[in-house]
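I opened this entry to go through one model and note what I looked up. The sequence and structure come first.

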Amino acid sequence: MNALVNLTSLLKSAKEIFPFHGGVHPPENKAQSTQLPIGQLSLPEKLVLPLRQHVGNIPKVKVSIGEHVLKGQLIAEAEGAVSAAIHAPTSGTIFSIADATIPHPSGLPDRCITLIPDGKDTWIDKKPQNWRTGDRKNLVASLRLSGIVGLGGATFPTHIKLRADGKSGVHTLIINAAECEPYITCDDRLMRERADEIVQGIAIAQFMLGAERVIIGIEDNKPEAAKAMEAAVNKVAIANTKMEVVVVPTLYPSGDARRLVHLVLGTEIPHDKRSTEVGLQVFNVATVLALYRYFEFGEPSISRIVSMTGNVQQPQNFEVLFGTPLPHLVTAAGGAKADTSHYIMGGPMMGFALPDENVPITKAANCIIAASPNLFAPPPPAMPCIRCARCADACPVNLQPQELYWFAKADNFEKANDYKLFDCIECGACSYVCPSNIPLVQYYRYAKSEIIAADKAKEAADLARERNDFRLARIEREKLERAQKHAERAEAGKAAAAKLAAEKAANGAIKDALETNIHAAPGDAKDNEADVQKAAKQAAIAAAIERAKAAKAAAVASGDAPKNVVNADASVKKEIAEIDARRDAVGLSEKLAVDPVAVEDKQAKIAAAIAKAKAAKAAADAVKLIENASENKE
Amino acid sequence: MMNRSPYISDAPSVGAIMLKVLLALVPGIIAYVWMFGGGILVTLLLATVTALLAEAVMLKIRNRPIQPFLTDYSAVTTAWLLALAIPPLSPWWLIVVGTLFAIVIAKHLYGGLGYNPFNPAMIGYAVLLISFPALMTKWPAALQLAQTKLGFIDQLQFIFSGALPPQIMLDAVTSATPLDYLKTQLTLNHDVAGISQAPIFGTLGGKGGEYVAGAYLLGGLYLWQQKIITWHLPTAFLAALAVISGVFWLADSAHYASPAFHLFSGASILCAFFIITDPVSGPTTPKGKLWFAAGVAVITYLIRVYGGYPDGVAFAVIFMNICVPLIDAHTQPRVFGHSK
């Protein structure tokens with residue numbers, strides 16, 4: 001029977017297939033979890049919703065502890081361009097917003113919202129939207145509130161992928177239903193059971209992208225799913241819709257987007273381009289179904305289908321609310337067998353071991369495999385690479401994994417980059433076929449992270465260097481400015497010294513007179529203008545004297561030359577030395593800075609002018625302030 | 001904690017691969033015994049024991065785990081290939097010296113399994129050929145041709161003591177190989193048609209030897225069917241050898257032997273399926289394999305025709321081993337999504 005179905009579906013899709021290089025065919029292990037239909041879970045006691053469930057920015061929490069929320073209520077809002085919202089999967093009370101272990105390879109805890117269900121499962125006021133009549137721009141904008149991300153495992157926010165406003169340039173929409181990893185069957189069961197809804201969802205995505213053509217790619221190990229999709233496509237006659245189901249050979253990793261595009265179209269998406277740049281967009285079946293639920297029923301993304309398989313009593317697919325603790329799911333699958341050692345999230349080729357059993361199901365969790373040493377034997381110790389190139393034969397990207405391994409092992413990252421390390425999709429096909437049991441993908445992950453870290457460090461270093469160059473330039477400029485000022489001052493001093501020499505005789509008398517004037521200044525100031533000017537002059541002079549004295553004292557105390565000369569370049573220093581020499585020659589270098597008469601002429605006048613200007617400005621400011629104040633009152 | 005995927009594997013171990021290579025040599029060995037007597041079994045045994053001992057000692061000295069490396073059977077493979085390449089009626093120490101050189105110097109001093117730039121068996125062979133040229137040309141005549149037949153015990157005795165049964169001269173039980181004979185006769189201004197009338201010539205190659213080559217071919221096809229080797233190396237080697245010998249033969253068939261003779265004489269078939277297919281010292285890219293094998297074929301032919309040795313496989317392989325990094329670097333396949 002199976003063979004017959006297989007044959008008919010193959011005949012139907014007599015469409016040309018464009019094989020990619022390499023690929024492997026591991027034991028499928030899919031039959032175990034496809035025996036039963038998708039099961040529903042009871043409400044767990046609590047739901048733990050990590051904020052980090054998708055690619056991009058962490059969403060912003062919109063609820064507080066103790067707040068009662070309804071099913072589908074937005075509890076965290078997309079933050080920035082690439083981000084996705086999170087909704088309450090059921091009605092209940094926010095119990096905590098704290099760090100907890102999340103399903104991530106790092107095993108590090110991260111911020112989670114914990115919700116205690118009230119058991120009523122009360123929906124918010126759902127707002128379905130008619131996508132057929134709606135404005136595409138608004139529809140995409142509203143998707144930002146849907147929380148929908150790529151459910152194939154990539155978890156890229158869907159609203160970004162549909163951000164098309166009718167000018168996407170996407171002519172062909174590819175629906176990824178290959179599901180090439182062993183054990184995973186969530187898409188298979190979904191297509192068997194909800195093909196009609198999926199096709200509706202495809203129509204929505206197609207409409208929003210403005211794509212002319214839709215190709216649904218399914219591996220030939222899912223004949224029932226292919227048949228169901230075929231029937232749904234034929235039944236749902238949607239205007240301007242051309243959808244074809246294309247059955248592709250079962251060969252891992254055909255579900256990789258670029259490999260699938262090649263399989264069904266023969267198009268090789270250039271390594272440095274995104275699929276949309278060549279008029280293609282790829283969506284997973286579960287994602288388009290979520291689109292349909294969102295627009296048709298106003299239901300945001302709060303659950304997904306998860307294959308619970310491996311070392312459990314009754315492997316099965318379940319519809320699981322996000323945040324459901326894993327043990328709840330394991331129990332639903334009849335419980336784990338005695339020798340279960342840990343759990344793997346995703347498939348055995350690209351998945352990762354969960355740090356802990358007590359993690360929640362997230363948007364990325366397409367499959368949970370209960371693992372045992374029996375099921376996944378620990379690999380024997382690695383042997384040296386014998387350059388057999390089986391890895392190269394298996395690589396779907398046509399890389400030379402054995403060369404990349406040598407380069408990664410030798411920390412020769414530049415060479416690894418030359419050999420296109422970053423085109424590696426980490427599918428694991430190379431490790432899968434390696435006779436020496438070398439954990440090749442781990443070497444590539446290591447090399448990639450090192451290169452990324454080095455690039456970041458380089459970027460930071462470049463920035464630092466730029467800043468430093470700027471700082472050095474500024475210091476140099478300021479130095480020159482200071483030297484110039486110094487020189488000007490010295491010039492002034494020279495002129496004054498000449499004058500001083502002439503007036504030397506009168507010096508003492510003038511000094512006395514000045515001192516009297518300074519003390520008298522406050523009293524006399526209002527009497528006449530001349531006195532005001534004089535007082536201002538003298539006050540300024542006195543202040544200047546004090547400043548100069550202080551500076552000099554400081555310099556002497558530190559046993560140093562004035563700071564601003566220390567870094568001066570040779571010519572400046574020479575100039576200063578010459579000036580000093582000339583000062584010494586006239587025997588005034590000491591006196592110059594302190595002698596009030598010496599600076600009287602120029603500086604006193606300047607100081608007076610500044611004082612006047614300041615006064616005028618203060619007056620003007622005061623007027624403005626009052627004006628503003630009155631305006632504000634009005 | 002880190003991501004250790006994939007968690008599954010479907011690869012034969014290095015040991016399993018090498019065992020299949022050894023298994024693939026068995027038909028050739030059977031044909032060898034049938035055609036030339038059981039002496040080769042002694043040589044094979046000597047080589048095997050020497051190789052395993054040398055391997056174990058070197059692993060111990062290099063502080064490497066002994067058991068996993070002894071059971072990868074790579075040393076045994078090297079030993080067998082060398083044993084099959086040298087004359088079976090040689091004194092026992094010849095194969096021991098050659099094997100020691102192959103394992104200790106060509107393999108372990110370069111870093112052991114996976115690190116040797118040269119094919120260890122061919123290095124061992126080249127050392128013996130240069131050091132003991134006379135011994136290396138004393139090939140037993142095919143039993144059906146020999147005036148006097150040596151039994152297994154006689155061969156065994158000769159290997160270990162160098163003594164032949166009374167009244168039997170060494171020349172009576174050995175003969176020149178067809179390649180050797182052809183070469184010397186050509187220098188005496190005989191033509192190929194005349195030379196190949198000699199009794200040592202069979203239908204395609206040398207009498208006896210051509211059956212052994214045929215059995216190697218069977219074993220090689222088994223390796224290909226088992227996906228231990230790809231088609232690239234044997235096909236390119238045999239095709240290139242056929243083409244270059246064909247061109248010379250078509251141009252002057254009086255002085256150049258036919259492609260069929262070259263393919264089924266000497267170590268051609270063994271080389272095509274078992275020697276150049278050593279992954280460690282060979283290229284890894286598909287295109288690189290074609291260039292490498294063609295290079296070995298051309299150099300082999302040139303040595304056979306113009307060089308100082310009757311066969312040139314060992315030197316050709318060693319020379320092309322040097323070129324492997326260059327070949328690999330220049331034959332990188334186009335990566336998916338890259339124009340080149």
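Predicted model: local features only at pLDDT ≥ 70, side-chain atom pairs only at ≥ 80, totals over all residues.

**Notes on the A/B interface**

Next I asked how many salt bridges are counted between chain B and chain A. The count is 2. I then looked up polar contacts across this interface and found 21 residue pairs, both residues at pLDDT 80 or more.

Which helices of chain B supply at least two residues each to the side that touches chain A? I listed helix 1 (14–36), helix 3 (66–70) and helix 16 (313–330). Helix 16 of chain B gives the most to that side, with 3 residues. I also sorted the residues on the side of chain B that touches chain A: 22 are nonpolar, 12 polar and 6 charged.

Then I took the totals. On chain B, 40 residues are in contact with 53 residues of chain A. I read the buried area between the two chains as about 4000 Å². Carbon and sulfur atoms give 58% of that area.

**Notes on helix 2 of chain B**

I turned to helix 2 of chain B and checked its length. It covers residues 39–61, which is 23 residues. At 1.5 Å a residue it should span 33 Å, and its end C-alpha atoms are 33 Å apart, so the two values agree.

Last, I looked at what follows helix 2 of chain B. B:Asn63 comes after this helix, and its phi is positive, near 60°.

Notes
Residues numbered from 1 in each chain as written. Chains lettered and ligands numbered in written order. Heavy atoms only, no water. Helix = DSSP H or I, 4+ residues; strand = E, 2+ residues; numbered from the N terminus. Expected span 1.5 Å × (residues − 1). Contact = heavy atoms within 4.5 Å. Buried area = accessible area lost by both parts, 1.4 Å probe. Salt bridge = Lys/Arg side-chain N within 4 Å of Asp/Glu carboxyl O. Polar contact = N/O pair within 3.5 Å; in protein donor to acceptor, adjacent residues only side chain to side chain. Nonpolar A, V, L, I, M, F, W, Y, C, P; charged D, E, K, R; others polar.
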